[in-house]
Amino acid sequence: MLSLIPSPTIQFKPLFPSKTIKPLKPFSSKSSIQSVLQWNRKPELAGETPRVVVITSGKGGVGKTTTTANVGLSLARLGFSVVAIDADVGLRNLDLLLGLENRVNYTVVEVLNGDCRLDQALVRDKRWSNFELLCISKPRSKLPLGFGGKALTWVVEALKSRQEGSPDFILIDCPAGIDAGFITAITPANEAVLVTTPDITSLRDADRVTGLLECDGIRDIKMVVNRVRTDMIKGEDMMSVLDIQEMLGLALLGVIPEDSEVIRSTNRGYPLVLNKPPTLAGLAFEQAAWRLVEQDSMKAVMVEEEPKRRGFFSFFGG
């Protein structure tokens with residue numbers, strides 16, 4: 001007869017041992033996601049502050065504004081002060097994704113005209129007081145023809161020297177295209193986050209934008225691959241993240257899976273990272289924000305192909 005041997009007891013140790021930090025709880029069926037992705041330390045801020053980051057892509061509709069909103073609020077939840085600038089002069093959308101559209105009374109254009117102060121144009125989020133929104137202009141107002149890179153640089157310098165202290169991060173939501181709006185948005189930035197999707201049109205535009213950023217002196221460029229579907233990658237209907245990284249030659253900041261909750265959160269003005277329980281896309285944005293703080297990157301892995309189904313006669317060599 002076979003004797004039953006009792007299995008040894010598994011002890012869970014904390015990832016980052018400290019006297020003031022409690023160890024992670026064992027996995028359970030109800031809270032497995034929370035226990036695996038539980039942060040038990042604050043990330044260490046790398047680089048000189050404030051860090052001015054432009055979030056761009058070249059192609060419209062790939063998720064730049066969604067990335068700005070979710071990464072910005074994730075940074076605020078980690079304890080860093082953030083100012084998000086919607087640099088789209090004609091078509092602003094960042095206030096809609098954040099649910100702050102009814103609170104934007106003044107813009108940068110009115111600050112430059114002397115109609116209000118800079119602190120009056122900053123909209124503070126009620127959920128996280130260390131997150132602020134700054135819009136360039138109102139959608140129905142006349143386009144400021146004189147607004148350019150020098151004006152946006154002045155705004156960034158004013159944020160650095162304000163009395164209540166400079167923010168840790170200044171995120172600039174870049175408009176689509178590579179025209180004057182793109183040049184304006186990247187002028188004051190020191191680093192860039194390039195958002196792309198696994199389709200050839202987006203990748204071509206991303207490659208073009210990478211060259212323009214490097215010509216402007218921005219060398220710290222990281223990539224976020226959005227709307228990734230592993231089922232299509234396994235079926236060879238979508239380019240893998242590893243192939244995209246080899247094609248563009250950029251450090252990988254995050255991989256955001258396709259998630260239907262993105263549309264719901266956009267319509268509600270409630271970013272994904274605030275959802276309870278968190279979605280897969282929201283968790284991916286939080287991890288991207290964590291890497292952005294520490295100037296870290298992730299490695300893409302090879303996705304195995306879907307195994308072929310074997311018929312009944314395959315067992316007989318058929």
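Reply: One definition to begin with: two strands pair if DSSP finds at least two bridges between them. Helices (H or I, at least four residues) and strands (E, at least two) are DSSP runs, numbered from the N terminus. This is a predicted model, so local features need pLDDT of at least 70, side-chain atom pairs count only at pLDDT 80 or more, and totals for chains, interfaces and linings use all residues. Residues are numbered from 1 along each chain as its sequence is written, and side-chain values use heavy atoms, with hydrogens and water left out.

Me: OK. Which residue in strand 5 does V52 stand opposite?

Reply: I170. Strand 1 (residues 51-56) and strand 5 (residues 169-173) run parallel, joined by five bridges.

Me: What order do the strands of the sheet come in?

Reply: 3-4-2-5-1-6-7-8. That is an open sheet of eight strands with mixed pairing. Strand 3 (123-124) and strand 8 (251-257) are at the edges with a single partner strand each, so one side of each has no neighbour in the sheet.

Me: Which strands does helix 2 lie across?

Reply: Helix 2 (residues 64-77) lies across strand 1, strand 2 (82-86), strand 4 (131-135), strand 5 and strand 6 (191-196). Its angle to strand 5 is about 165 degrees. Axes are lines fitted to C-alpha atoms, for helices over the stretch in contact (heavy atoms within 4.5 Å). Angles run from 0 to 180 degrees between N-to-C directions.

Me: And helix 12? What does that one lie across?

Reply: Helix 12 (residues 280-293) lies across strand 1, strand 5, strand 6 and strand 8. It runs at about 165 degrees to strand 8.

Me: Switching topic. Is D125 buried or exposed?

Reply: Buried, because its relative accessibility is 2%. Buried means under 20% relative accessible area, exposed over 50%, partly exposed in between (1.4 Å probe, protein chains only). D125 is in the loop between strand 3 and strand 4.

Me: What is D125 in contact with?

Reply: Leaving aside neighbours within four places in sequence, L73, L98, L100, R103 and F131. R103 is 22 residues from D125 in sequence, and their C-alpha atoms are 9.6 Å apart.

Me: Now holes. How many cavities of 30 Å³ or more?

Reply: One. The search uses a 1 Å grid over the protein atoms alone: a cavity is a set of points where a 1.4 Å probe fits but cannot get out, a pocket is an open set with protein on both sides within 12 Å along at least five of seven lines, and lining residues have an atom within 4 Å of a point. Grid points are joined across faces, edges and corners, and a volume is the space filled by probe spheres set on the points.

Me: What lines the largest cavity?

Reply: T66, A69, N70, L97, V262, S265, T266, P271 and L272. Helix 2 and helix 11 (261-268) each supply at least two residues of that lining. The largest cavity holds about 40 Å³ of space.

Me: What volume has the largest pocket?

Reply: About 540 Å³. It has 27 lining residues, with G61, V62, G63, K64 and T66 closest to its centre. Helix 2, strand 7 (220-228), strand 8 and helix 11 each give two or more residues to the lining.

Me: And the second largest pocket? Where does the largest share of its lining come from?

Reply: Helix 12, with five residues. The second largest pocket has a volume of about 350 Å³. Among its 20 lining residues, V228, T230, V255, P257 and M298 lie nearest the centre.
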